[in-house]
Amino acid sequence: MQIVIPEFTLLVIVGEEQGIQTFINKHFQRNEVINPQNIETQVISRLELGQLTVIPLVTFEKTVGQHLAQLAKRYHYTPMAVVVGKDYPFTLEGERNECPKEESKQSESIISVLGKVGFKTLYHLETLEMIEHTSIQYRPLANNKRKIHGPFDIIGDVHGCYDELCTLLDQLGYRVDKKGAYAYPPDRRKLVFVGDLVDRGPKTPQVLKLVMHMVTNEQAYCVLGNHDGKLLRKLRGSNVQVIHGLETTMEQLAQEPEWFSEKVKIFLEGLVSHYVFDEGKLVVAHAGLKEHLHGRESKKIRDLAMFGETTGELDAQGLPVRLNWSEDYEGDALVVYGHTPKKEAEHVHHTINIDTGCVYGGKLTAFRYPEDEIVSVKAKKVYYPSARPFL
């Protein structure tokens with residue numbers, strides 16, 4: 001059996017002491033395993049540091065399992081369990097063959113309780129032989145591109161402004177093929193899009209075709225913006241309001257073949273909340289992201305990366321009041337983001353906002369990494385009035 005352990009995993013090993021010790025000795029370093037004494041402090045310390053956390057539990061209690069699952073959730077970890085036990089018949093569905101009643105009942109109850117308290121990823125190793133023949137594969141999260149060093153051209157919120165995108169790419173040295181919806185990169189450079197490819201602008205399908213083509217061919221990366229996320233929910237059949245520019249996108253998609261919308265849905269489903277590049281020196285997220293969340297994944301992180309932090313109040317235009325997270329940012333990684341349009345690309349501490357409001361009549365901006373260079377092109381016109389004037 002192969003056990004897959006993703007990054008940021010809290011692994012509980014439950015069952016017989018001999019099996020637990022055999023499994024731990026075979027697969028883990030001593031410093032990865034929590035000492036049964038003073039579990040709380042050790043677990044929190046490792047979760048804060050983003051380290052693999054292995055917890056042996058010879059005696060399992062529901063309250064302990066529940067608390068560990070809650071800790072995993074708090075620190076955006078995957079709670080995962082391995083149950084080791086005697087060689088008796090067992091299935092996850094609770095089916096039984098001939099076996100001692102007490103043993104079957106006990107094992108089933110542990111599996112069942114682990115699932116109920118939050119350990120949805122479960123493995124059962126019934127014998128020492130199974131333990132000996134088990135291998136472990138460590139899997140990086142999809143946002144982990146630490147070994148990709150660039151150079152990068154990071155593009156701000158496009159919002160369907162295809163003509164400006166092509167002009168910008170041309171200025172950056174890309175050879176743009178408008179017929180094939182592709183841009184050939186110079187000098188091994190890669191594009192990174194900060195999201196919000198869609199809505200409000202005149203040519204959303206063309207933007208999608210170019211970005212999808214380049215991402216598929218590993219010449220570009222793209223994170224999910226809030227407008228992209230809303231389009232995804234619409235394409236999945238959710239009941240969303242077709243306003244704030246989504247109506248423009250839906251009208252344009254209606255002119256394309258039906259299969260294209262399905263292709264767009266699959267593409268958007270594959271986008272991550274943020275990327276970590278260049279050994280952690282560069283992070284790209286649509287609305288930015290605080291340092292302690294870099295590299296982790298959860299629904300909360302996805303929402304923060306798409307929408308940013310808000311006060312819960314509405315402004316005079318009826319829009320959420322956003323908190324300026326970058327004013328308090330003290331991280332080592334450079335964070336490049338968009339979402340909130342500015343007249344010019346804005347450096348604050350070790351962050352840079354490159355949404356310069358092209359669709360509102362501003363500019364489309366690229367940040368070149370590691371050169372620390374800004375390249376912009378002016379919008380041809382105002383395609384959509386800005387609810388928050390910024391020019």
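**Exercise 1. An aromatic pair**

Work out whether phenylalanine 152 and tyrosine 369 are buried or exposed, and then describe how their rings are arranged.

*Solution.* Start with the surroundings: in this predicted model, phenylalanine 152 and tyrosine 369 are both buried. Next, look at the rings. Their centres lie 6.2 Å apart and their planes make an angle of 35 degrees, which is a tilted aromatic pair. Now place the two residues in the fold. Phenylalanine 152 belongs to strand β8 (residues 152–155) and tyrosine 369 to strand β20 (residues 363–369), so the pair ties together parts that are 217 residues apart in sequence. Finally, widen the view: ring pairs link Phe152 and Tyr369 with Tyr221, Tyr275 and Phe277 into a cluster. A search of the whole structure gives 11 aromatic pairs.

**Exercise 2. Cis peptide bonds beside the pair**

Find which residue is joined to proline 151 by a cis peptide bond, and which one is joined in this way to proline 370.

*Solution.* Take proline 151 to begin with. Its cis partner is glycine 150, with omega at about 5 degrees, and proline 151 sits in the loop between β7 (144–145) and β8. Then turn to proline 370. Here the cis bond comes from tyrosine 369, with omega at about 15 degrees, and proline 370 sits in the loop between β20 and β21 (373–378). As a reminder, most peptide bonds are trans.

**Exercise 3. Positive phi angles**

Locate histidine 159 and histidine 339, and decide whether each is buried or exposed.

*Solution.* Bear in mind that most residues other than glycine have a negative phi. Histidine 159 has a positive phi, near 50 degrees, and lies in the loop between β8 and α6. The cut-off for buried is under 20% relative accessible area. Histidine 159 has a relative accessibility of 4%, so it counts as buried. Histidine 339 also has a positive phi, near 80 degrees, in the loop between β17 (334–337) and β18 (346–348). With 9% relative accessibility, histidine 339 counts as buried too.

**Exercise 4. A covered helix**

Count how many residues of helix α6 (residues 162–171) are buried, and say which they are.

*Solution.* Go along the helix and check each residue. Seven of the 10 are buried, so helix α6 is mostly covered. They are Tyr162, Asp163, Glu164, Leu165, Cys166, Leu168 and Leu169. Just beyond α6 comes glycine 173, whose phi is positive at about 100 degrees.

**Exercise 5. The nonpolar cores**

Name the residues that touch the most other members of the largest nonpolar core, then trace the contacts of leucine 197.

*Solution.* The core holds 46 residues, and the members touching the most others are Ile155, Leu165, Phe193 and Leu197. Helix α7 (residues 204–216) contributes the most to this core, with six residues. Now set aside the neighbours of leucine 197 within four places in sequence. Its remaining contacts include Val158, His159, Gly160, Thr204, Val207 and Phe267.

**Exercise 6. The whole protein**

State how many helices and strands the protein has, and what share of its residues is buried.

*Solution.* Count the elements: there are 11 helices and 21 strands. Then check burial: 51% of the 391 residues are buried. For the contacts with a separation of 6 or more, 67% join residues 24 or more positions apart.

Terms used
Residues are numbered from 1 along each chain as its sequence is written. This is a predicted model: local features need pLDDT of at least 70, side-chain atom pairs count only at pLDDT 80 or more; totals for chains, interfaces and linings use all residues. Side-chain values use heavy atoms; hydrogens and water are left out. A nonpolar core is a set of buried Ala, Val, Leu, Ile, Met, Phe, Trp, Tyr and Cys residues joined through side-chain atoms within 4.5 Å. Buried means under 20% relative accessible area, exposed over 50%, partly exposed in between (1.4 Å probe, protein chains only). Helices (H or I, at least four residues) and strands (E, at least two) are DSSP runs, numbered from the N terminus. Contact means heavy atoms within 4.5 Å. Rings of Phe, Tyr and Trp (its six-membered ring) pair if their centres lie within 6.5 Å; planes under 30 degrees apart count as stacked, over 60 as edge-to-face and the rest as tilted.
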